[in-house]
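Colleague: Could you walk me through this model? I'd like to start with the aromatic rings.

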Amino acid sequence: MLIINKIINYFNIKLRDIVKNYDVVIIGGGLAGLTLASQLLRDIPDISICLIHDAKFPNEETAFKVGEATIDLGGYYLRELLGDEYLSREHFIKMGMRFIYTNDKLYKEMGIRNFPQKNSYQFERGKLENHFFSLLQDKIDILQNTRFLDVEDEGHFKKIHVVELSKVQKIINSRWIVDASGRKKVISRKYNLSSKGNLPNSSVWFRVKGAVLVDEIYPAEEDNPFYGMDRSYSSLHIDGKGYWIWVLRLSDHTTSVGICFSENIHQFDSLSDLEKTFEWLKTHERVFYDYLLKKQFSILDFKYLRKYASIAQPCISENHWALTGDACIFLDPVYSSGIDLMCIENTFIVDVLAQEKNGQDIKERMAFYNSVISDLVIAYSNVFDKMYEQKDNWYYIFVKYVVDSVFYFGSICPCFMNKGMRDFKNAKIIWDKIHKIYMEYDKVNSILKTKKFSENNRQNNLDLPRFINLSESLFAKINSYLTEPDNDLEKLINLLQDNYQVMCKICEYISSDRNLYDLYIRRDGPPEIFHTSWRYGEFFPNPEMVNRN
Ligand SMILES: Cc1cc2nc3c(=O)[nH]c(=O)nc-3n(C[C@H](O)[C@H](O)[C@H](O)COP(=O)(O)OP(=O)(O)OC[C@H]3O[C@@H](n4cnc5c(N)ncnc54)[C@H](O)[C@@H]3O)c2cc1C
């Protein structure tokens, strides 16, 4: 007896007629499912879509889910779907990341002084999803309060079994099914595709009513280059041994606070409820704890997720199913890359469906896209591996951010922002170039992971300034190409070649324990690195945003 029949009998579910046939059924109306539906509609206007969602809109706006910040690629993706006008009017524009590290003696800070040319965002997640729903509800079929039960293959179509709250069951026919059910992973579980990542990192978080302001927690002294500006526009990272804390302003009245920690260093039991989390803060981040206590914010929720890394592959199957969002890959939130990965997965899925509708052969494409995703899993796992362990070393914090941002801003980000994967022949050439950067990145990262790195760089750590303004650095130059994406593939290929040289130069510095600050901020490197990397325009602040300070 099929499992589905057992479920139907057990719950006394009534069967309703088979409803219409769709091109694609998406399971899950979270951000991955909603963005995928929007992108499919935009790129394949005659496509028929059914979205199955086990809850009912509208969502609670603030205390809803994590995933409340984008970085550049995710910001670009949301902007392509919703427009900057809506995003910057209704949500919070972010001024990059701001890293803070304090010990008994010293306060240290690294960040940028300007809003970048292109916006990234922080948002109340429920509100953003509600907006997507309102745009989609008249254009596709959305079955709310309806849960996915099972799927059977039957010739050209799949038979998808779903059940409503009222226990009425429906069977829906669809050519494709996409799992966007988040951590429920309905398809990956069915086909046993899911595995836990190897990372030991967990998180607890809460939302508060009110603005948690970095200028009140750690007021900037006059010798701080960020003195006189509103630093609370940045995603705040407070770093310490085995952990980092996020402080994200979501709106003028709400803030998200979370602690991510390695369970190799901090016991989950010491943070498993709100009271314990405050005790933990008292021990590890006394200044922040005192501030929260003094302000008496009203706390809206408290949630946690242990060992959150999980991976399911392949992303797209010849058997007409696909995975996106947390149902596919989630590794670590430190750089807010969840929406980036969602953008890449969705873009591949949309292209495969579009090509199939045009009568093209999709096998080679699917294999290539799956191999790109699998390269990304390896590369990103490397980014996060053993990172938390050294978050009490200021030189490590600096170097790691530099190397990771060259990796990100120098390869994957310009590639997708310039639609580098749109032409299949070029996509392979481009991916080869990116792969070369990854190989070099891998060499640097394997040095950073060793214990010897902090021992060998003791002096560099002492020499590193307390305040690091990244606005004037090579970071700004690498970033500059993002300010003017123009989808020119030749330019993109040249840029990737240049950025490979930058990564090689960084590798040279790190392998010989030379202080990376000299290359990165003082620009002591050979002139060709700097000339080539900023060939496509100077980094300058977004003129409309400077007045926000
Ligand atoms: C601690 C932490 C911090 C993070 N911070 C960031 C960040 O700053 N930036 C970022 O980009 N990402 C972040 N992420 C990643 C973030 O989780 C993802 O970006 C994003 O939430 C994934 O969205 P999703 O749509 O895949 O999943 P979800 O948002 O979980 O949506 C899945 C939906 O499927 C529905 N569903 C489930 N089962 C069924 C079923 N059987 N039938 C029908 N519907 C179903 C659920 O109701 C749900 O709404 C963070 C993750 C963690 C753990």
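Modeller: The charged end of Arg514 is placed over the ring of Tyr509, 4.1 Å from its centre; a charge sits over a ring if NZ of Lys or CZ of Arg is within 6 Å of the ring centre and within 35 degrees of the ring normal. This is a predicted model, where local features need pLDDT of at least 70 and side-chain atom pairs count only at pLDDT 80 or more, while totals for chains, interfaces and linings use all residues. Residues are numbered from 1 along each chain as its sequence is written, and side-chain values use heavy atoms, with hydrogens and water left out.

Colleague: And which ring does Lys436 lie over?

Modeller: Lys436 lies over the face of Tyr500, at 4.2 Å from the ring centre.

Colleague: How many aromatic pairs are there?

Modeller: The structure holds 30 aromatic pairs, counting rings of Phe, Tyr and Trp (its six-membered ring) with centres within 6.5 Å, where planes under 30 degrees apart are stacked, over 60 edge-to-face and the rest tilted. In one of them, the ring centres of Phe99 and Tyr401 are 4.8 Å apart with their planes at 55°, so the pair is tilted.

Colleague: Are Phe99 and Tyr401 buried or exposed?

Modeller: Both Phe99 and Tyr401 are buried, meaning under 20% relative accessible area, with exposed being over 50% and partly exposed in between (1.4 Å probe, protein chains only). Ring pairs also link them into a cluster whose members include Trp431 and Tyr438.

Colleague: Changing topic, what is the mean pLDDT of the chain?

Modeller: The mean is 89, and 89% of the residues reach 70 or more, pLDDT being the predictor's confidence in each residue, from 0 to 100.
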